[in-house]
Every structure is written in structure tokens, then in C-alpha cells.
Amino acid sequence: MSDPLAKAEAAAAEAAVNTAAVQVALAAVELAKLAQQKPAEQPAACGHQNRQNRSTGEWLGIGAAVCVGGVGIAFASMAIAICGIAVSILALVLRSIWKDIQKGH
């Protein structure tokens with residue numbers, strides 16, 4: 001029983017390989033036809049212009065944005081630090097109160 005099954009599997013595998021090979025060959029033929037029909041086209045030029053230098057106003061604007069951003073980050077860092085200290089103090093006070101309640105004071 002396994003001999004006909006093995007033959008069928010081998011035939012299916014060969015058909016799959018042949019199908020893939022035929023598809024690749026047909027694609028190559030189509031590509032060759034397209035290459036012969038159309039002459040090579042020049043790539044389209046891109047629409048942007050290459051700017052190499054920034055004006056003084058642009059550099060001043062960039063510098064001002066960096067300064068304002070740096071000050072903002074500094075204030076945010078200080079606010080986070082102050083909140084952390086406040087939460088730590090609150091935790092210590094609540095722990096102390098809880099211990100006093102546990103002792104019965």
C-alpha cells in the first residue's frame with residue numbers, strides 16, 4: 001500500500017517543483033519582453049532642493065528652542081524630585097502614626 005502512496009507523493013513533489021520552475025521561466029520571459037519594448041528610462045529627478053547652509057535666524061531659533069526646552073526639562077525634574085521627597089515624608093509620617101496606633105498611644 002505504501003508503494004503507490006510514495007509514487008503519488010513523489011509525483012506531487014515533482015509537479016510542484018516543475019510548476020515553480022515554469023513560473024520563474026515565464027516571469028523571466030515577460031521581463032525580457034518588457035526590457036526589449038521600452039528603452040531604459042532615466043530615473044525621475046527628486047522634487048526637493050539640497051540646502052546646505054542655514055541662515056542666522058534659523059540657528060537663533062534652534063538655539064532658543066533648545067534653551068526653552070532645557071529649562072522646561074529642568075523644572076520638570078525639580079518638580080518630580082520635590083514630589084518624591086513629599087511622598088517619602090508622608091510615608092514616614094503615616095508609618096510613625098501607624099506604629100503609635102499599634103502600640104496603643
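User: How much accessible surface does the protein chain have, and what share belongs to carbon and sulfur atoms?

Analyst: This is a predicted model. The protein chain's accessible surface comes to about 9700 Å². Carbon and sulfur atoms account for 68% of that.

User: What percentage of the 105 residues is buried?

Analyst: Buried means under 20% relative accessible area. Here the buried share is 0% of the 105 residues.

User: Which secondary structure does the chain have?

Analyst: Two helices and zero strands. Helix α2 covers residues 56-103. Just after α2 comes Gly-104, with a positive phi of about 95 degrees.

User: How do I check the span of α2?

Analyst: Count 1.5 Å a residue. The 48 residues of α2 should then span 70 Å. The end C-alpha atoms of α2 lie 71 Å apart, which agrees.

User: Which residues make the nonpolar surface patch?

Analyst: Start with the general idea. An α-helix has 3.6 residues a turn, so residues three or four places apart point the same way. Now the case here. Ile-85, Ile-89, Leu-90, Val-93, Leu-94, Ile-97, Trp-98 and Ile-101 make a patch of about 810 Å². One of them, Leu-94, sits in helix α2.

User: Why is Leu-94 called partly exposed?

Analyst: Exposed needs over 50%, and buried needs under 20%. Leu-94 has a relative accessible area of 49%, so it counts as partly exposed.

User: How many aromatic pairs are there?

Analyst: A search of the whole structure finds zero. A charge can also sit over a ring. Here Arg-54 lies over the face of Trp-59, 5.8 Å from the ring centre.

Technical notes: Residues are numbered from 1 along each chain as its sequence is written. This is a predicted model: local features need pLDDT of at least 70, side-chain atom pairs count only at pLDDT 80 or more; totals for chains, interfaces and linings use all residues. Side-chain values use heavy atoms; hydrogens and water are left out. Patches are made of residues with over 30% relative accessible area and no salt bridge: like charges are joined within 9 Å, nonpolar side chains (Val, Leu, Ile, Met, Phe, Trp, Tyr) within 5 Å. Accessible areas come from the Shrake-Rupley method with a 1.4 Å probe; for residues, only the protein chains shown count as cover. A salt bridge is a side-chain nitrogen of Lys or Arg within 4 Å of a carboxyl oxygen of Asp or Glu. Helices (H or I, at least four residues) and strands (E, at least two) are DSSP runs, numbered from the N terminus. Buried means under 20% relative accessible area, exposed over 50%, partly exposed in between (1.4 Å probe, protein chains only). The expected span of a helix is 1.5 Å times one less than its number of residues. Rings of Phe, Tyr and Trp (its six-membered ring) pair if their centres lie within 6.5 Å; planes under 30 degrees apart count as stacked, over 60 as edge-to-face and the rest as tilted. A charge sits over a ring if NZ of Lys or CZ of Arg is within 6 Å of the ring centre and within 35 degrees of the ring normal.
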